[in-house]
Amino acid sequence: MDLMEYKAKEYFDLYRIAGPRGFVVNSLADLDGLEVEYPCMVKAQVQIGGRGKAGGIKPATNTSELEAACAAILGMDIKGHPVKRLLVTRQVEVASEWYLSIALDRVKKCPIVIFSSVGGVDIEETAKTDPDKIIRVTIDPIVGLRPYVATYLVSKSGIDASYTGQLADMLDKLYALFREGDCLLCEINPLAVTPAGELQALDAKVTVDDAALYRHPELIELRDEMESHPLILEARKFRFLFIPCDPDGEVAVISNGSGMIMSCIDVLSKNGMKTVAALDLGGGATGDRVKEAIRICLSEPKTKALFINIFGGITRCDEIAAGVKGFVDEYGSDKLVVIRFEGTNKEKGIAVLESIGKPNVVFADGLYEGVDAIKERRASL
């Protein structure tokens, strides 16, 4: 779960990571009566990077400029993310900008510190064109963050050694947040150096492991509050993962596992078809739950066909078929539903599907056969 900046900075406050905080604005009416320290920055709160280049960050030196900036940013669309909330913070004078983060290295299966003395909005470009400017230090999760790491980063990057103490302190606090907050990423970009030589976290990005959200009930509530897609929220009620894909798509996919979902999307794409949405059933889905998954996918207006591709292990093939039959019996949709499954109780599942007796419900004995079945009927969808 990617936290918006204002929420990430609340975590920074808890761990006493220095930086401007500010206040949240949901509408222009929220500005009435607020005491603002000028100059300030108005920042769009969206779960994606590149806000500044998209015009989602603006300065203001007085009340009229603040109101104009808020009016301009509220309601913007930044890479498909509508701006419904703003963060107004004190503007900090900057002498130089660094980059600092602690992330989970999925290959090494341990945290890693990433630092650069060339931070800011072009850090991705720096990583491509001048990778030596990006310094990485692996953290042994058993031993923890060692005191020499800050010294190494300062020495390797060539910055003034007088910053070692401040950098070490910020690293300690950031790593404590990373561990205790069940984070996959804690990022400061830019980490500003003020003319007075102080380090300030001007921006904050925190990603929390979805699998650990049960330990953070306040984030579960916030996640549902931030989500604007109604089918994502509907799917969560049944512990499904619903993923909107291509807005120009016409085929929805249901499977049990991200690898199988990606395989379906790839084969559909190679056959000239786009996936509008995907839904991951997870394990052990019953017929009743499968019925709800089908209802959710077919309630997406752009869905013209549904491809169900299941490996029948814990989730049995006859339960998948029962879910399809339950959906057809209750809702009677005429949209094309192609089912492919392999594994436990496959023959029983096929028998249930044959009992449905609907021409728009088709069994396919393979991934490619399923995609071909959709392709053949594409013109009539």
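Guide: Please bear in mind that the model is a predicted one.

Visitor: What makes the pair of Arg-215 and Asp-182 a salt bridge?

Guide: The criterion is a side-chain nitrogen of Lys or Arg within 4 Å of a carboxyl oxygen of Asp or Glu. For Arg-215 and Asp-182 the N to O distance is 2.6 Å, and the two side chains meet in a salt bridge.

Visitor: Is Asp-182 buried or exposed?

Guide: Asp-182 has a relative accessible area of 15%. Buried means under 20%, so Asp-182 is buried.

Visitor: How do you know that Glu-330 and Lys-291 form a salt bridge?

Guide: Their closest N and O atoms are 2.8 Å apart, and the cut-off is 4 Å. Glu-330 belongs to helix H10 (residues 317–331) and Lys-291 to helix H9 (residues 287–298), so the bridge ties together parts 39 residues apart in sequence. Glu-330, at 48% relative accessibility, counts as partly exposed, whereas Lys-291, at 15%, counts as buried.

Visitor: Why is H9 called oblique to H10?

Guide: Two packed helices are described by the angle between their axes and the distance between the axes. H9 and H10 pack at about 55°, and their axes are 7 Å apart. Angles under 35 degrees count as roughly parallel and 65 to 115 as roughly perpendicular; H9 is therefore oblique to H10. The crossing of H9 and H10 is right-handed.

Visitor: Which residues make the contact of H9 and H10?

Guide: From H9 they are Gly-287, Val-290, Lys-291, Ile-294, Arg-295 and Leu-298, and from H10 they are Glu-319, Ile-320, Ala-322, Gly-323, Val-324, Gly-326, Phe-327, Glu-330 and Tyr-331. The contact of H9 with H10 has 8 nonpolar, 3 polar and 4 charged residues.

Visitor: What makes H4 oblique to H5?

Guide: The axes of helix H4 (residues 148–157) and helix H5 (residues 164–180) cross at roughly 130° and come within 9 Å. Roughly perpendicular ends at 115 degrees, and roughly antiparallel requires over 145, so H4 is oblique to H5. The crossing of H4 and H5 is right-handed. Val-149, Ala-150, Thr-151, Leu-153 and Val-154 of H4 make the contact with Thr-164, Leu-167, Ala-168 and Leu-171 of H5. The contact of H4 with H5 comprises 7 nonpolar and 2 polar residues, and no charged ones.

Visitor: Why are H8 and H12 called oblique to each other?

Guide: Helix H8 (residues 258–270) and helix H12 (residues 367–376) have axes that come within 10 Å and cross at roughly 50°. The limits on either side are 35 and 65 degrees, so H8 and H12 are oblique to each other. Their crossing is right-handed. Ser-263, Cys-264, Val-267 and Leu-268 of H8 form the contact with Leu-367, Tyr-368, Val-371 and Ile-374 of H12. By class, the contact of H8 with H12 has 7 nonpolar residues, 1 polar and no charged.

Visitor: How do you know that Asp-203 forms a salt bridge with Arg-51?

Guide: The closest N and O atoms of Asp-203 and Arg-51 are 3.1 Å apart, and the criterion asks for a distance within 4 Å. Asp-203 lies in the loop between strand E11 (199–201) and strand E12 (205–208), and Arg-51 in the loop between strand E2 (40–44) and strand E3 (57–60), so the pair ties together parts 152 residues apart in sequence. Asp-203 counts as buried at 17% relative accessibility, and Arg-51 counts as buried at 7%. A network of salt bridges links Glu-5, Lys-9, Lys-43, Arg-51 and Asp-203. By this rule the count is 18 salt bridges.

Visitor: Why is Ala-60 called buried?

Guide: Ala-60 has a relative accessible area of 0%, and buried means under 20%; Ala-60 is therefore buried. Its place is in strand E3.

Note on methods: Residues numbered from 1 in each chain as written. Predicted model: local features only at pLDDT ≥ 70, side-chain atom pairs only at ≥ 80, totals over all residues. Heavy atoms only, no water. Axes fitted to C-alpha atoms, helices over the stretch in contact; angles between N-to-C directions. Helix = DSSP H or I, 4+ residues; strand = E, 2+ residues; numbered from the N terminus. Left-handed = near helix turned anticlockwise from the far one by under 90°. Contact = heavy atoms within 4.5 Å. Nonpolar A, V, L, I, M, F, W, Y, C, P; charged D, E, K, R; others polar. Buried < 20%, exposed > 50% of the residue type's maximum accessible area, 1.4 Å probe, protein only.
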